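Subject: A structure to look through

Hi,

Here is the structure I promised to pass on. Have it open while you read, and my notes follow below.

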Amino acid sequence: MSAKLEVPAVVMPKRERIVAPPCAVVVFGASGDLTRRKLMPALYNLSVGTHLDDRFSMVGVARRPWGHDAFVEQMQGGVQEFSRTPFDAKLWEWWGPRLDYVSGDFNSPDTYKRLALCLADLDAKHGTSGNRLFYLAVPPDEFAAILQGLRDAGLIVAPGAATFSRVIVEKPFGSSLETAKQLNGLVAEVLDESQTFRIDHYLGKETVQNIMVFRFANSMFEPLWNRKYVDHVQITAAETVGVGTRGKFYESTGVLRDIVQNHLLEVLSLCAMEPPNTGHADDVRGEKLKVLKALRQPWSDTVPNDVVLGQYNGYRTEPDIAPQSNTPTFAAMRVFIDNWRWQGVPFYLRAGKRMAKRVTEVSFHMQPIPLQLFGSADLCEHVEPNVLTLRIQPEEGIQLEFSSKVPGHDFTVGPVVMDMKYTEAFGGEPPEAYERLLLDAMRGDATLFSRRDAVETSWAWIQPILDYVEQHPQKDFPNYEQGSWGPAAADSLIHSDRRQWRNR
Ligand code: BG6
């Protein structure tokens with residue numbers, strides 16, 4: 001049985017239109033997939049929403065020997081194929097003169113000289129005022145050359161100057177605690193932390209941002225948000241896709257580095273953090289950091305008990321994958337947060353590729369009722385504890401499962417669901433994560449970006465698991481079928497606590 005929540009006509013508060021300051025966005029790796037699929041469509045949609053100032057330009061930098069027209073054509077193709085709003089030829093006329101391209105080797109000083117000239121020219125033509133947002137959409141081994149090239153060409157101004165220079169760094173931020181520290185050290189040689197924007201696109205998702213709003217703009221849930229009322233929490237990021245064309249990257253990354261260390265820990269810390277003093281970047285990020293610091297450290301003797309890894313059948317024959325690959329494409333784990341609020345409450349994390357369903361969600365499973373008052377003694381077994389689910393994607397929304405009297409002359413109790421869907425409540429598709437994150441970076445708001453200390457703390461937490469996995473290669477890979485919910489051992493992990501995964 002399912003009761004549907006009627007969403008009342010919402011009276012939306014008047015909102016201020018957010019417009020980026022004048023600036024040039026410079027994308028390194030502009031001939032790559034990320035630019036075409038995500039960055040260009042995101043910038044385009046910001047212009048559709050009139051969030052870009054007229055004094056704006058975008059410069060692509062890459063090795064490919066394209067000229068201006070070829071670059072414009074490529075970007076147009078990206079918008080036509082991937083934009084969430086339809087391509088508008090009239091609006092594209094605004095874009096044409098605001099796009100430019102610099103072809104060159106990232107190791108050559110000449111590339112940065114030409115880039116500096118190009119930017120000066122765009123400043124003069126479009127009034128971009130010397131403000132620059134650099135986007136490093138390249139593998140981490142290219143970061144050093146680019147940052148040094150920018151610095152040596154005088155393209156990075158110190159914070160507090162009349163103009164701004166900011167840099168967005170794409171994940172992965174390293175592949176271990178050591179490499180993450182090295183990378184952060186390298187970035188810090190050129191940039192102040194206030195100029196560094198480490199992007200985790202999960203934080204740009206509307207539903208992930210709503211975790212904070214749901215918790216701290218409503219008074220009724222927060223009192224329940226602790227060990228006294230919550231039995232356990234499940235965080236699932238299941239994908240139906242496999243590794244596709246990213247085999248080479250994925251082989252050295254695997255699910256632990258690709259999803260758990262960043263996306264899942266970001267979501268976990270938003271769900272578990274204390275209320276920050278204000279909504280400002282450092283207050284929010286400070287509270288999230290405390291959660292990461294309170295994560296119970298895995299040890300070599302706890303990992304086999306608390307972590308299950310999997311690899312889907314067929315992974316080893318995908319392009320660029322080793323025939324004997326030991327890379328996990330699935331992970332499930334039991335995690336504890338050793339602080340006052342969450343002591344003893346297990347957080348079960350799960351992520352995987354080629355799973356039964358695409359679903360990312362967090363569910364809070366509340367304590368069972370202490371005493372059955374209605375129906376027969378048997379019925380007691382059927383009263384399900386309340387479950388509150390924050391549905392990150394798809395079918396973005398929030399669900400509350402609770403028990404209700406089933407109409408009739410007895411006291412039969414049955415489960416019902418209150419279901420809030422974003423599309424019904426607010427209409428239309430929410431903006432893409434990259435739109436919000438690019439806009440925030442242009443405005444200098446780092447709330448939704450990862451801070452250095454958090455990145456290093458999350459690596460420090462996961463490192464013992466990575467070490468264990470490296471020292472104990474899995475003998476049973478591949479161990480789950482495509483289209484399933486992962487290996488049987490993942491079920492055993494949660495069943496051993498007399499609980500079960502929420503596979504909906
Ligand atoms: C990326 C991972 O960070 O996130 C991918 O590298 C994964 O492997 C993707 O598919 C999932 O993001 P989304 O937004 O599609 O859920």
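First, a term you'll need: buried means under 20% relative accessible area, exposed means over 50%, and partly exposed is in between, using a 1.4 Å probe and protein chains only. By that rule D200 is buried, with a relative accessible area of 1%.

Some housekeeping. This is a predicted model, where local features need pLDDT of at least 70 and side-chain atom pairs count only at pLDDT 80 or more, while totals for chains, interfaces and linings use all residues. Residues are numbered from 1 along each chain as its sequence is written, and side-chain values use heavy atoms, with hydrogens and water left out.

Back to D200. You'll find D200 in the loop between β6 (196-198) and α7 (206-216); helices (H or I, at least four residues) and strands (E, at least two) are DSSP runs, numbered from the N terminus. Setting aside neighbours within four places in sequence, D200 is in contact (heavy atoms within 4.5 Å) with N262, H263, E266, L437 and S450. With H263 there is also a polar contact between the side chains, at 2.7 Å. A polar contact is a pair of N or O atoms within 3.5 Å; within protein, one must be able to donate a hydrogen and the other to accept it, and residues adjacent in sequence count only if both atoms are side-chain atoms.

Now the ligand. Which residues are around the ligand? They are K171, H201, Y202, K205, E239, R246, D258, H263, K353 and Q393, where being near means that a heavy atom of the residue lies within 4 Å. Sorted by class, this shell has one nonpolar, three polar and six charged residues. Here Ala, Val, Leu, Ile, Met, Phe, Trp, Tyr, Cys and Pro count as nonpolar, Asp, Glu, Lys and Arg as charged, and the others, Gly among them, as polar. The protein covers 79% of the 390 Å² of accessible area that the ligand has on its own (Shrake-Rupley method, 1.4 Å probe; for residues, only the protein chains shown count as cover).

Next, have a look at helix α15 (residues 488-495), where A490, L493 and I494 are buried. Looking down the axis of α15, these buried residues fall within an arc of 85 degrees, so they line one face of the helix; the arc is that of the directions from the helix axis to the C-beta atoms. Their cover includes β7 (230-238), α11 (303-306), β8 (307-310), β9 (330-335) and β10 (347-352). I494 itself has a relative accessible area of 0%.

Most residues other than glycine have a negative phi, and most peptide bonds are trans. Yet the bond joining K171 and P172 is cis, with omega about 5 degrees, and so is the one from Q393 to P394, with omega near -20 degrees. S129 is not a glycine but has a positive phi of about 65 degrees, and E395, also not a glycine, has one of about 45 degrees.
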